Each structure stands twice: as structure tokens, then as C-alpha cells.
Amino acid sequence: MRLRKKPWVAEALTGFSDIVVQNSGEELAGKWQGLFKKNLPLHVELGTGKGRFIVGMGEQHRELANFVGIEAKEEVLYAAAQKVREQELTNVQLVVFDINNILNIFAPGEIDRLYINFCDPWPKNRHAKRRLTHIEFLKKYRLLLQPGGQIWFKTDNRELFEFSLEQFSEFGLTVTKVTYDLLHSGFDGNIMTEYETKFSSLGQPIYRCEVNF
Ligand SMILES: C[S@@+](CC[C@H](N)C(=O)[O-])C[C@H]1O[C@@H](n2cnc3c(N)ncnc32)[C@H](O)[C@@H]1O
């Protein structure tokens, strides 16, 4: 299912056919590597937002990984597409898609790493299933990740972080590099997202971990 709402953005995105997937994305399951110049490990960001993270990662790992950014809101993804073009990155592709249906756009084992950055916390208990780290999502990620694949997870929300650690553990996954203060953790090469920049500037700690499948 394609998520298209604002006609001007839909039109504008057609000018980014080298960066933004123009169809639903479902036709690409098992074929993502064909969109890139080199065959490299596939890293996928869930909820890319305005693209600061994926563009930074694309620059930092030009020869090391191919990146796909998934974002539901076209107008937000448009900002990301502009950044990818400005930096002339050939290892970043973007798609307007609903993560709930992620099994429709990737083949089993096609992904090497997932990034979940500052996803919506859905604080009400009755919405817990919507959190991208809920066990129902972990089941989907397990199908799509290579054995040995990972999730790199960051959030400013302590309740969501603790909920997520519990979900990972309940699902039998090993969690490493857990920090409750990323800025002061000595982690090298961190690329900040838009939300992270905002929260960090307010002095809020950032929680981070790596989850091993
Ligand atoms: C809180 S923002 C964080 C954006 C970015 N990752 C950052 O850290 O700056 C969450 C983003 O995820 C997107 N998003 C939320 N649910 C989604 C879904 N089901 N499918 C695709 N994108 C989604 C939102 O549109 C929004 O841009």
C-alpha cells in the first residue's frame, strides 16, 4: 500500500527517481542490491525522518554499506531526499512506506542491520503493540535479518528503552553496548538524528543498545 497524501510532494518526489523509490517498494523485495552501484551489506533505517542520520551514515560508510530509509510521511522524506542529492550519495535509497508492512518489501534474510532511531514511544499501554520494538515487530525483523544481523536502537525515552530491553530479552536476543548516556559513553562515530540533536541540546540523556539476532 502506498502512502500518498499531498499532491505537491508526490509531484516533487518524481524528480528524485534516482533516490526515492517511485513505486510501492513491494516490487523490490529480494532485489534491493540492484538499486546500488556496489553489492554491500544492506542497512535499513525505520522512520528516517528528515534524513540527517542516513545521510551521515551514507557518507561515513560509502564503501561499506548500502542504506535504505523507510518513512511514512512524504513531505518529511522529501527533505531527506534533498540531503542525499546534495551529498551525491549513491549508497542511499529512500522509500515512502508503512513499516507495519515491512515483510512486503524485503525478502527473508535480505537485511544485515536495522536502525531504529527515536521511534514514537506510544506511551499508553493499549498502544504498546505499535512500538517498533514490540515483540510482534521483532518477529518480522527476525525473518528479514541475516543470521548475525543486528538492530541498533537509540531513544530519548527511558520507559520505551526499558520496555524494549525487556522485549529483546523475552524474545531471546542478546543485547550489547547498552548505555544510558550515549554522549558520555565513549561510543565512536555516532551520527546524530534530527531528534537526537534536539534532545541532546536540551541536556537529555540518549539511551542506546545493539541487539543481536
Ligand atoms: C519521532 S520521529 C524520529 C525521526 C528520526 N528517526 C529522528 O530521530 O530524527 C519518527 C519518524 O518515524 C516515522 N514513522 C512512524 N511510524 C511509521 C511507520 N509505521 N512507517 C513509516 N514511518 C513511520 C514518522 O513519520 C517520523 O518521521
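This is a predicted model: local features need pLDDT of at least 70, side-chain atom pairs count only at pLDDT 80 or more; totals for chains, interfaces and linings use all residues.
**Entry 1: the ligand**

I counted the residues around the ligand and found 18. The closest are Gly47, Gly49, Ala72, Phe118 and Thr193. I then sorted the shell by class: seven residues are nonpolar, five are polar and six are charged. Next I asked which elements supply at least two residues of the shell. They are strand E2, residues 66-71, and helix H6, residues 194-201. H6 gives the largest share, three residues.

**Entry 2: helix H5**

I checked the length of helix H5, which runs over residues 158-170. Its 13 residues should span 18 Å at 1.5 Å a residue, and the C-alpha atoms at its ends are 18 Å apart, so the two values agree.

Which residues of H5 are buried? I listed Leu160, Phe161, Phe163, Ser164 and Phe168. Looking down the helix axis, I found the buried residues of H5 within an arc of 165 degrees, so they line one face. An α-helix has 3.6 residues a turn, so residues three or four places apart point the same way. On the other side of H5, I noted Glu159, Glu162, Glu166, Ser169 and Glu170 as exposed.

I also looked for what covers the buried residues of H5. The cover includes strand E5 (145-155), strand E6 (174-179) and strand E7 (207-212). After H5 comes glycine 172, with a positive phi near 80 degrees.

**Entry 3: the nonpolar cores**

The largest nonpolar core has 48 residues. Those that touch the most other members are Leu46, Ala81, Leu94, Leu114 and Ile116. Helix H3, residues 74-86, gives the most to this core, with five residues. Another core lies apart from it and has six residues, including Phe161, Phe163, Leu182 and Tyr207. I had already listed Phe161 and Phe163 among the buried residues of H5.

I looked up leucine 46 and found it in strand E1, residues 42-46. Is leucine 46 buried or exposed? It counts as buried because it has 22 C-beta neighbours inside 10 Å; the cut-off for buried is 20 or more. Leaving out residues up to four places away in sequence, leucine 46 touches Ile70, Ile99, Leu114, Tyr115, Ile116, Cys119 and Leu132. I also took one distance: leucine 46 and aspartate 98 are 52 residues apart in sequence, and their C-alpha atoms are 9.4 Å apart.

For leucine 94, I left aside neighbours within four places in sequence. Its contacts are Ile19, Val20, Thr48, Gly69, Glu71, Leu77, Ala80, Ala81 and Val84.

Note on methods. Residues are numbered from 1 along each chain as its sequence is written. A residue is near a molecule or strand if its C-beta atom, placed from the backbone, lies within 6 Å of it. Helices (H or I, at least four residues) and strands (E, at least two) are DSSP runs, numbered from the N terminus. Ala, Val, Leu, Ile, Met, Phe, Trp, Tyr, Cys and Pro count as nonpolar, Asp, Glu, Lys and Arg as charged, and the others, Gly among them, as polar. The expected span of a helix is 1.5 Å times one less than its number of residues. A residue is buried if 20 or more other C-beta atoms lie within 10 Å of its own, exposed if 12 or fewer, and partly exposed in between; C-beta atoms are placed from the backbone. The arc is that of the directions from the helix axis to the C-beta atoms. Two residues are in contact if their C-beta atoms, placed from the backbone, lie within 7 Å. A nonpolar core is a set of buried Ala, Val, Leu, Ile, Met, Phe, Trp, Tyr and Cys residues joined through C-beta atoms within 7 Å.
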